[in-house]
Amino acid sequence: MIKSWFSQGGDKPQPQDAASRGLAAGQSASNTIVVGGGCFWCTEAVFLAVRGVVGVTSGYSGGKQNDPDYESICTGTTGHAEVVSVQFDPSTINLKTLYQIFFATHDPTTLNRQGYDNGTQYRSVIFTLDEEQVRVAQTLFAELEAAKVFGAPIVTEIVPLERFWRAESYHQNYFERNPFQGYCMGVVAPKVAKFRKQFSKYLK
């Protein structure tokens with residue numbers, strides 16, 4: 001049912017604060033989304049394959065600790081989620097489609113968990129940058145719930161982005177650079193393969 005429903009439609013993390021909308025120079029809220037769907041290696045690999053996506057940055061959002069690093073994030077005590085900042089061309093792919101891909105390529109019904117990955121850092125979350133993103137995300141959420149697409153209640157958070165911290169450089173393009181690493185072969189590769197089959201018309 002999930003497939004049929006969606007087929008219808010420096011190493012130190014660097015802060016980007018709310019004043020700049022969590023964006024780098026040249027980016028704007030109209031062409032960037034920030035989402036978390038478990039391990040960012042998986043989410044990054046999926047979005048890098050999407051036609052219209054021009055850049056993906058892995059990072060951390062949603063916590064209160066400044067200068068978070070991967071070791072502290074992995075404790076699950078900082079409040080941050082592993083996220084990706086996705087830059088896209090709105091003339092090629094729209095906001096709703098990107099959110100549909102997000103929902104379809106992870107399990108939004110498991111609280112603070114994706115598969116064997118447990119902890120608040122793996123929560124399902126959409127960090128919104130403007131009112132349009134809030135509207136589109138909440139509308140899609142309601143549509144998915146009404147259609148009972150996942151067979152269980154969706155627990156995805158939809159909250160404003162306060163700050164985005166870029167993850168260490170070795171996390172960037174991780175799957176592409178480490179295709180034979182154990183987690184990549186066992187978890188990331190199957191997820192990317194599923195996406196490529198289900199959303200073939202959106203592939204680069």
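Of the 204 residues in the chain, 50% are buried. The model is predicted. The chain holds seven helices and nine strands. Its accessible surface comes to about 9,400 Å². Carbon and sulfur atoms account for 53% of that surface.

Helix α2 spans residues 40-48, and helix α7 spans residues 182-198. The two axes come within 9 Å. They cross at roughly 35°, and the crossing of α2 and α7 is right-handed. On the α2 side, the contact is formed by Trp41, Cys42, Ala45 and Val46. These residues meet Tyr183, Val187, Val188, Lys191, Val192 and Phe195 of α7. By class, nine residues of the contact between α2 and α7 are nonpolar, one is charged and none is polar. Lys191 belongs to the α7 side of this contact, and lysine counts as charged.

The cysteines were considered next. A search of the whole structure finds zero disulfides. Cysteine 39 is in no disulfide, and the nearest cysteine sulfur, that of cysteine 42, is 5.0 Å away. For cysteine 42, the closest cysteine sulfur is likewise that of cysteine 39. A disulfide requires the two sulfur atoms to be within 2.5 Å. The separation of 5.0 Å is therefore too far for a bond. Both residues are also shielded from the surface. Cysteine 39 counts as buried because its relative accessibility is 6%, under the 20% cut-off. Cysteine 42 is buried too, with a relative accessible area of 3%. Cysteine 42 also takes part in the contact of α2 with α7.

Technical notes
Residues are numbered from 1 along each chain as its sequence is written. This is a predicted model: local features need pLDDT of at least 70, side-chain atom pairs count only at pLDDT 80 or more; totals for chains, interfaces and linings use all residues. Side-chain values use heavy atoms; hydrogens and water are left out. Axes are lines fitted to C-alpha atoms, for helices over the stretch in contact, and angles run from 0 to 180 degrees between N-to-C directions. Helices (H or I, at least four residues) and strands (E, at least two) are DSSP runs, numbered from the N terminus. A crossing is left-handed if the near helix is turned anticlockwise from the far one by less than a right angle, and right-handed if clockwise. Contact means heavy atoms within 4.5 Å. Buried means under 20% relative accessible area, exposed over 50%, partly exposed in between (1.4 Å probe, protein chains only). Accessible areas come from the Shrake-Rupley method with a 1.4 Å probe; for residues, only the protein chains shown count as cover.
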